[in-house]
Amino acid sequence: MAAKIARLELANVRAVHTFARENGIACDSKPGDTVDVVYDAAQWARDQSAVAAMQAAMPGDDAAVYGLHSPAEARDKFYCGRGGDEAVHGAVSYEAGSLSAYKFAIGVLKLCLAKGLNLQTSTPALGLQKLDGGESGWRVDTERGSIRARKVVLATNGYTARVWERFQGVIVPMRGHIVAARPGQSMPQEGLPATYSFIYEKGYDYMIQRPKGSKFEGDIVIGGALVKAPGDGLEEYGTTDDTGFNGVTMQALYDCLPQYFGDNWGADDPDGRIRKAWTGIMGFSPDGFPLVGEVPGEKDLWVASSFQGHGMVLCWMCARALVTMMQDGAGADDELSSWFPEVFRITEERLRLAFKGRRN
């Protein structure tokens, strides 16, 4: 199953960048590598074992191509561990990429509008009801009236339980924090060689650099720091308000870049380190996997949600699998069995699980 998930994630990365390129979507798409810089000895040992297991299970497979880097290589190649926080145990690099999710989504919507999509903006779904009187289908209630549909897809991630109560405690919202920072004056002028994750005991931060030619070129966008807050960020679970933020978490993100890049950061930009800060709502499940498929016991109510803050490498292929299920019914199993992880399918058993915290 791990091999299927790894292959799906790589296929998702490649498919999104390919779709953007082939359809002329200007979304700052930049295929490339990512690197996990590891600051915890136990995690570094697990990473090395995991890479060895993946390469043994998938010899010659693109999804098993990883680079292992020593602390010296992390300093020289990835600019981490010299000055600041020097407790780097190693690093793992592999294929990934970056893009503007907002610009990509807008580009996809424009293509859909050209094909006849009816898009109602600023129209939140307030309720969902089965049609009665022997009529099949569903009614979606909004502030501007109701919509009737034979099939409904819940692509609502962290907000899913608000629309359909059965997901209460199954898809749990969690507020994440992000800052966009101007790069320090000693950072490499040619840009960083990869996107980054910084892995430490109990948590991680994740980071991209805005690519050349984009607005705010060179800015660093970093999120995470959940466990830096009191109670390891417990108060963020169940939160759906993205108009506020946790001051401790946000301060940790303000402070972390000079710690990670040390001497390579240098003095802050004269206009200040932070350009923008914001929050957003993610969706998490009890077992750490997305929920994809027809809701058990609810004919023609479908879901593709709960992406664990990892949706950029999951959503596209999960959507492809969902459409296959909706179009082909029972015949979809044969097509999906070769590439779609069975653990991603929604089941009655998974709906009975209790959420006890993040699994990733």
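Student: Buried means under 20% relative accessible area, exposed over 50%, and partly exposed in between. Is aspartate 232 buried, partly exposed or exposed?

Tutor: This is a predicted model, and in it aspartate 232 has a relative accessible area of 33%, which means it is partly exposed.

Student: And where does aspartate 232 lie?

Tutor: You'll find aspartate 232 in the loop between S11 and H6. Its phi is positive, about 55 degrees, although aspartate 232 is not a glycine.

Student: Is aspartate 28 buried or exposed?

Tutor: Aspartate 28 is buried, because its relative accessible area is 18% and the cut-off for buried is under 20%. Look for aspartate 28 in the loop between helix H1 (2-22) and S1.

Student: Switching to the sheet: how many strands form it, and in what order?

Tutor: There are 8 strands in an open sheet, ordered S2-S3-S1-S9-S10-S11-S8-S12, and the pairing is mixed.

Student: Which strands stand at the edges?

Tutor: Strand S2 (67-69) and strand S12 (274-284). Each has a single partner strand, so one side of each has no neighbour in the sheet. On average, neighbouring strands of this sheet are turned by 25 degrees against each other, direction ignored.

Student: How many bridges join S2 to S3?

Tutor: S2 and strand S3 (residues 90-98) are joined by 3 bridges, and the two run antiparallel. For instance, glycine 67 has serine 93 in S3 as its bridge partner.

Student: What about helices: which strands does H2 touch?

Tutor: Helix H2 (residues 41-57) packs on the sheet and touches strand S1 (30-38), S2, S3 and strand S9 (195-200). The direction of H2 makes about 65 degrees with that of S3.

Student: And H6, what does that helix touch?

Tutor: Helix H6 (residues 247-261) packs on the sheet too, touching strand S8 (172-181), S9, strand S10 (203-209), strand S11 (220-224) and S12. The angle between the directions of H6 and S8 is about 50 degrees.

Student: New topic! Which residues form the nonpolar patch on the surface?

Tutor: Tyr102, Ile106, Leu109, Leu113, Leu117 and Leu119 form that patch, and together they have about 520 Å² of accessible area.

Student: Where is leucine 113 placed, and what is its relative accessible area?

Tutor: Leucine 113 sits in helix H4 (residues 101-114). Its relative accessible area is 40%, so leucine 113 is partly exposed.

Note on methods. Residues are numbered from 1 along each chain as its sequence is written. This is a predicted model: local features need pLDDT of at least 70, side-chain atom pairs count only at pLDDT 80 or more; totals for chains, interfaces and linings use all residues. Side-chain values use heavy atoms; hydrogens and water are left out. Two strands pair if DSSP finds at least two bridges between them. Helices (H or I, at least four residues) and strands (E, at least two) are DSSP runs, numbered from the N terminus. Axes are lines fitted to C-alpha atoms, for helices over the stretch in contact, and angles run from 0 to 180 degrees between N-to-C directions. Contact means heavy atoms within 4.5 Å. Patches are made of residues with over 30% relative accessible area and no salt bridge: like charges are joined within 9 Å, nonpolar side chains (Val, Leu, Ile, Met, Phe, Trp, Tyr) within 5 Å. Accessible areas come from the Shrake-Rupley method with a 1.4 Å probe; for residues, only the protein chains shown count as cover. A salt bridge is a side-chain nitrogen of Lys or Arg within 4 Å of a carboxyl oxygen of Asp or Glu. Buried means under 20% relative accessible area, exposed over 50%, partly exposed in between (1.4 Å probe, protein chains only).
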